[in-house]
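Welcome! Let us take a friendly walk through a protein model, one region at a time. Keep the picture open as you read.

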Amino acid sequence: RTDLSLDEFVTILPSYEGLVVRSKFKITAEILKDTTLTFIARAGAGLDLLDVDTCLSRGIAVFSANEGNSDAVAEHVIGQLLSLAHKLHTSDTEVRHGLWEREGNRGFELKGKTIGIIGYGNMGKAVASRLSSFGMHILAYDKYAPSADYPATMEQIFEQADILSLHVPLTSETRGLISAELIDSFKKSIILINSSRGPIAPLEPLLHGLRTGRIKGLALDVLPNEKLSTWSPVEKE
């Protein structure tokens, strides 16, 4: 069935041993309390919608498809970066409106630029692998799985990065990672790309970065609130 309500789902769940979830359904401790599940499989990489601690305490195995979309995400990030670097999105819109601003839309080459990658799991590695062929200088920081290929500290990223790309999971530690203070720590104005989870980069510090010029280009594949119809006036701004 595809029309189950949450109450119906919770009622029938004790009859099942396994559960496969996608990206919009939150599995809480309350939902799990009367189940006899032996496993939960996540059709994707992030586990932020699962109460993993409760799963482990109840002996429920948790699986995720960590490599499933790493190639697609990496290609998407590169597409966003190329669009910002060469102003493809703005010049396309202008030409469609009869404007030809050649000098105003002059971009820059990626070769020789420095990208800081925060999070060096499957996604971060896939992005770094592809960008290495552009002749970029790559700095990768991961608190829990340091990069052997492009090791860097956050201080080095603050000092050298022209571009920042986020590839960390959403946890209590990474929620709100991008703050006004972090943005202001960069020596240069940066391009910021977030293709991880929306709450990692709240809108307020992003707006601060854009208004102060500390962020000169922004590409978001995710938003803190992806139910656009529920946006508040502040979110719309």
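Is Lys 87 buried, partly exposed or exposed? With a relative accessible area of 29%, Lys 87 is partly exposed, because the partly exposed class lies between under 20% for buried and over 50% for exposed. Keep that scale in mind, as it will come back for other residues.

## The whole protein

What you see is a predicted model. The protein has 10 helices and 8 strands, and its C-alpha atoms fill a box of roughly 65 × 45 × 30 Å along the principal axes.

The chain counts 237 residues, and buried residues make up 38% of them. Now look at the contacts between residues at least 6 apart in sequence: 54% of these join residues at least 24 apart.

Find helix α4, residues 70–85, and helix α6, residues 122–131. The two pack at an angle of about 50 degrees, and their axes are 8 Å apart. Are they parallel, perpendicular or oblique to each other? Angles of 65 to 115 degrees count as roughly perpendicular and those under 35 degrees as roughly parallel, and α4 and α6 are therefore oblique to each other. The crossing in which α4 passes α6 is right-handed.

Which residues make this meeting? On the α4 side they are Ser 70, Asp 71, Val 73, Ala 74, Glu 75, Val 77, Ile 78 and Leu 81. On the α6 side, Asn 122, Met 123, Ala 126, Val 127, Arg 130 and Leu 131 take part. Sorted by class, the contact of α4 with α6 has 9 nonpolar, 2 polar and 3 charged residues.

Stay with α6 for a moment. Its buried residues are Met 123, Gly 124, Ala 126, Val 127, Ala 128 and Leu 131. What covers them? The cover includes α4, along with strands β4 (114–118) and β5 (137–141). As a general point, an α-helix has 3.6 residues a turn, so residues three or four places apart point the same way.

Lys 87, our opening residue, sits in the loop between α4 and α5 (88–96). Its phi is near 55 degrees, a positive value in a residue other than glycine. For comparison, most residues other than glycine have a negative phi.

Helix α5 holds Thr 93. Thr 93 is partly exposed, with a relative accessible area of 41%. Thr 93 and Thr 230 are 137 residues apart along the chain, and their C-alpha atoms are separated by 27 Å.

## Two buried loop residues

Loops can hold buried residues too, as Asp 162 shows: this residue is found in the loop between α7 (154–160) and β6 (163–166), and it is buried, with a relative accessible area of 12%. Leaving aside neighbours within four places in sequence, Asp 162 is in contact with Lys 113, Thr 114, Lys 188, Ser 189, Ile 190 and Ile 191.

Gly 44 lies in the loop between β2 (39–42) and α3 (52–57). Gly 44 is buried as well, its relative accessible area being 13%. Which residues touch it, beyond neighbours within four places in sequence? Gly 44 is in contact with Ser 64, Ala 65 and Asn 66. The C-alpha atoms of Gly 44 and Asn 66 are separated by 6.4 Å, although the two residues are 22 apart along the chain.

Look for Pro 14 in the loop between α1 (6–12) and β1 (18–21). At 33% relative accessibility, Pro 14 counts as partly exposed. Its contacts, apart from neighbours within four places in sequence, are Asp 34, Thr 35 and Thr 36. From Pro 14 to Thr 153 is 139 residues in sequence, and 47 Å in space from C-alpha to C-alpha.

Glu 235 belongs to helix α10, residues 233–236. Is Glu 235 buried or partly exposed? A relative accessibility of 23% makes Glu 235 partly exposed. Not counting residues up to four places away in sequence, Glu 235 touches Leu 203, Asn 225 and Thr 230. With Asn 225 there is also a polar contact of 3.4 Å, joining the two side chains. Pro 224 is 11 residues from Glu 235 along the chain, and the C-alpha atoms of this pair are separated by 9.3 Å.

Notes
Residues numbered from 1 in each chain as written. Predicted model: local features only at pLDDT ≥ 70, side-chain atom pairs only at ≥ 80, totals over all residues. Heavy atoms only, no water. Axes fitted to C-alpha atoms, helices over the stretch in contact; angles between N-to-C directions. Helix = DSSP H or I, 4+ residues; strand = E, 2+ residues; numbered from the N terminus. Parallel < 35°, antiparallel > 145°, perpendicular 65-115°, else oblique. Left-handed = near helix turned anticlockwise from the far one by under 90°. Contact = heavy atoms within 4.5 Å. Nonpolar A, V, L, I, M, F, W, Y, C, P; charged D, E, K, R; others polar. Buried < 20%, exposed > 50% of the residue type's maximum accessible area, 1.4 Å probe, protein only. Polar contact = N/O pair within 3.5 Å; in protein donor to acceptor, adjacent residues only side chain to side chain.
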